[in-house]
Amino acid sequence: MGRDSTVGQARARVFSVRAGRVAPLGPDGVRSAFVKRELEGPATVTELGIEGDEQADLSVHGGFDKAVYGYAMSNYATWLREFPQHASLLVPGGLGENLSLDGVDETTVCVGDVVRMGSTLLQVTQPRQPCFKLALLYNDRRMPRGMMRNGLCGWYYRVLEPGQLRAGDFALLQERPNPDWPIARFFRLIATRSATRGDMCELAALDGL
């Protein structure tokens, strides 16, 4: 078990679960599954993610270590303040997440966290880095730069135990091996390119990265 005192407590709830199919995005029809539909009822989660969810570029999303993308509901308020012209899109699911989560964010989720949601067991692996498809969805080149600036990046999970989850499930923290490495700290090193040799050595040794 982890060393953090919140292990075993309900840290968050799943607000919505989403999956998307690869489809053309933007004026040039770039292949992307960024746009995701909300799933009703229990969703089946395999080692490669939510059943029915596709990825166009496995270097960015998908595979065992980036199987599920989680995003904090509270982040949308900041996005709306910065980009009020995109209010119709800045709603849960608007950042391409599989899981919209209420009650946690990048400052309270750590690399390596093991979380029980429904009958699934997930582990946080790394922050998301924005790509050009975010700009295509919003038709706004400032959106990826905005994520680098505000740090509201979300995080990826690997699936330790496949199962089912659904909107309304608690996200129960089971283990926290790296309490000194919240997603916000990791992403800040990426965004500012300020990592020292010591940071890199510490990151390389993290359980679950």
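Let me begin with helix α4, which covers residues 183-192 and in which Ile183, Ala184, Phe186, Phe187 and Leu189 are buried, where buried means under 20% relative accessible area, exposed means over 50%, and partly exposed lies in between, with a 1.4 Å probe and protein chains only. Helices here are DSSP runs of H or I with at least four residues, strands are runs of E with at least two, and both are numbered from the N terminus. Please keep in mind that this is a predicted model, in which local features need pLDDT of at least 70 and side-chain atom pairs count only at pLDDT 80 or more, while totals for chains, interfaces and linings use all residues. Residues are numbered from 1 along each chain as its sequence is written, and side-chain values use heavy atoms, with hydrogens and water left out.

What covers the buried residues of α4? The cover includes β10 (120-127), α3 (142-150), β11 (155-161) and α5 (197-204). After α4 comes Arg193, in the loop between α4 and α5, and its phi is near 50°, a positive value in a residue other than glycine. Arg193 is exposed, with a relative accessible area of 78%. Asn139, in the loop between α2 (132-138) and α3, also has a positive phi near 50°, and it is exposed, with a relative accessible area of 70%.

Now to the cysteines. Cys110 sits in the loop between β8 (99-102) and β9 (114-117), and it is buried, with a relative accessible area of 3%. Leaving aside residues up to four places away in sequence, Cys110 touches Val124, Arg176, Asn178, Pro179, Trp181, Pro182 and Ile183, a contact being heavy atoms within 4.5 Å; Ile183, as I said, is one of the buried residues of α4. How many disulfides does a search of the whole structure find? The search finds zero, a disulfide being a pair of cysteine sulfur atoms within 2.5 Å. For Cys131, the nearest cysteine sulfur is that of Cys153, 13 Å away. Cys131 is buried, with a relative accessible area of 18%, whereas Cys201 is partly exposed, at 48%.

Next, the sheet. Three strands form an open sheet in the order β6-β5-β12, with antiparallel pairing, and two strands count as paired if DSSP finds at least two bridges between them. Because β6 (49-50) and β12 (163-165) stand at the edges, each with a single partner strand, one side of each is left without a neighbour in the sheet. Strand β5, residues 43-46, pairs with β12 over three bridges, and the bridge partner of Thr44 in β12 is Gln164.

In the largest nonpolar core, which has 49 residues, Trp79, Leu95, Leu99, Met117, Trp155 and Tyr157 touch the most other members. Such a core is a set of buried Ala, Val, Leu, Ile, Met, Phe, Trp, Tyr and Cys residues joined through side-chain atoms within 4.5 Å.

Finally, the whole chain. There are five helices and 13 strands, and buried residues make up 50% of the 209 residues. Among contacts between residues at least 6 apart in sequence, 76% join residues at least 24 apart.
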